[in-house]
Amino acid sequence: MTFEVVVAGGGPAGAVAALVLARAGRRVLLVDPGTDGPRSSLSRIGETLLPAAGPLLHDLGLWDEFAAGPHLRCVGTYASWGSETLHGRSHLHDPHGHGWHLDRSGFDAFLRGAAESAGAELRRAEAAPPPPRPPHPGDRRVLLREGGRLEEVRCEWVVDATGRRAVIGRRRGRRRKQDRLVAVYALFGRRLPGRRTEDTELRTLVEAVPGGWWYTARVPAGRLVAHLTDTDLTHSALRTTEGFLGAIGDTRHVRTRLDGYDPAHAPAPRWTAAHGLRLCPAAGPGWIAAGDAALAFDPLSSQGLLTALHTGARAGRTVDLCLSGQTAALDDYSRFLEGITDAYERHHAETYAQERRWPGHTFWERRSSTTA
């Protein structure tokens, strides 16, 4: 099988890249593992989409259908950061309006459907790098794993949108890890019997604690709660439902957001990497990385989904230009990523520097040393 472009990964970055390329008239194969792939075992902790995504969705012609979806409004944030007091920030005065707490599975499917409608072919398979072989300009190969069967697909360009795994890019670039941040999280969905009141708090809540910080948000499926800390600072008790509930009970503000949820039906907590990660380089002749495969952010930034959409769209346009002979577009893409990285790193340092209550605790000591 031969395509002009194979897009590996059907999350937001990959789906948008495939959409842009298909609309440009390119023969595109979008590869996504679906419900049986590695992404299905992990719920996503980055469920919030910032208001700034609105103009991009408009530009992509996706706004009307997105706005009609089941997503909840995110009207702002609360943060206990730098003090015990809870400070609020509203999206009321944001020029782009409010944000959204997403139904992530539905959002991803919506973007893949848009790519298919534009002409991209969708395959339910997992992309894998091909065996090492001498490079042949204009003749690249990607292995597709579907069940126990392997199939080789030929293409001119590959877009790596496989998330933090960077299945394609890690063979071509070096991944720079920012720190050791991990997230332990759970989605609470069952309300207490006879509880008539609903969970109507639509602001995201962040609370700093001595060993890291907590995050909670109302999403269409219930309430998501996550604890962020370094992998070597995690307590074994957090791996159990009882230990996770106990840790939530020690918080000042997050625990109040679980009023009305039934602890008897609390789910087992899950774990996922949450550290910043950058692929260098993130593009080269015949390949380009987008989304978390190129740049993965600390969830505190709330930039992950927005960056995935922007890098996916930009990667799609870059590949289209390169296929037309405008290879300088690769350098422009690299500078685009550098600009995003510089802004993220400045914001990351400034935000962590605002929390000074526990300078003797390892988690915060590490962040203070990187922001000094």
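1. Start with the crossing of two helices. Helix α6 passes α7 in a right-handed crossing. A crossing is right-handed if the near helix is turned clockwise from the far one by less than a right angle, and left-handed if anticlockwise. This is a predicted model: local features need pLDDT of at least 70, side-chain atom pairs count only at pLDDT 80 or more, and totals for chains, interfaces and linings use all residues. Residues are numbered from 1 along each chain as its sequence is written, and side-chain values use heavy atoms, with hydrogens and water left out.

2. Now the geometry of this pair. Two packed helices are described by the angle between their axes and the distance between the axes. Helix α6 covers residues 304-323 and helix α7 covers residues 329-353. They pack at an angle of about 165°, and their axes are 9 Å apart. That makes α6 roughly antiparallel to α7. Angles over 145 degrees count as roughly antiparallel, under 35 as roughly parallel, 65 to 115 as roughly perpendicular and the rest as oblique. Axes are lines fitted to C-alpha atoms, for helices over the stretch in contact, and angles run from 0 to 180 degrees between N-to-C directions. Helices (H or I, at least four residues) and strands (E, at least two) are DSSP runs, numbered from the N terminus.

3. Which residues of α6 meet α7? Among them are Thr307, His310, Arg314 and Leu321. On the α7 side, the contact includes Asp332, Tyr333, Phe336 and Ile340. Contact means heavy atoms within 4.5 Å. By class, the contact of α6 with α7 has 9 nonpolar, 4 polar and 2 charged residues. Ala, Val, Leu, Ile, Met, Phe, Trp, Tyr, Cys and Pro count as nonpolar; Asp, Glu, Lys and Arg count as charged; the others, Gly among them, count as polar.

4. Turn to strand β16, residues 222-230. Is β16 mostly covered or mostly uncovered? It is mostly covered: 9 of its 9 residues are buried. Buried means under 20% relative accessible area, exposed over 50%, partly exposed in between (1.4 Å probe, protein chains only).

5. Check the partners of β16. Strand β13 (residues 181-188) pairs with β16 in the antiparallel sense over 8 bridges. Two strands pair if DSSP finds at least two bridges between them. Ala186 has Val225 in β16 as its bridge partner. Strand β15 (residues 212-219) also runs antiparallel to β16, joined by 7 bridges. β15 and β16 form a hairpin, with 2 residues between them.

6. Strand β7 (residues 99-101) is joined to β4 by 3 bridges. Arg73 stands opposite Trp100 in β7.

7. Another open sheet of 3 antiparallel strands has the order β12-β18-β21. Its edges are β12 (174-177) and β21 (295-296). Strand β18 (residues 277-280) and β21 pair over 2 bridges. Arg278 has Leu295 in β21 as its bridge partner.

8. Finish with two loop residues. Arg196 lies in the loop between β13 and β14 (204-209). Arg196 is exposed, with a relative accessible area of 78%. Arg196 and Gly260 are 64 residues apart in sequence, and their C-alpha atoms are 8.9 Å apart. Ser236 sits in the loop between β16 and α5 (241-249). Ser236 is also exposed, at 62% relative accessible area.
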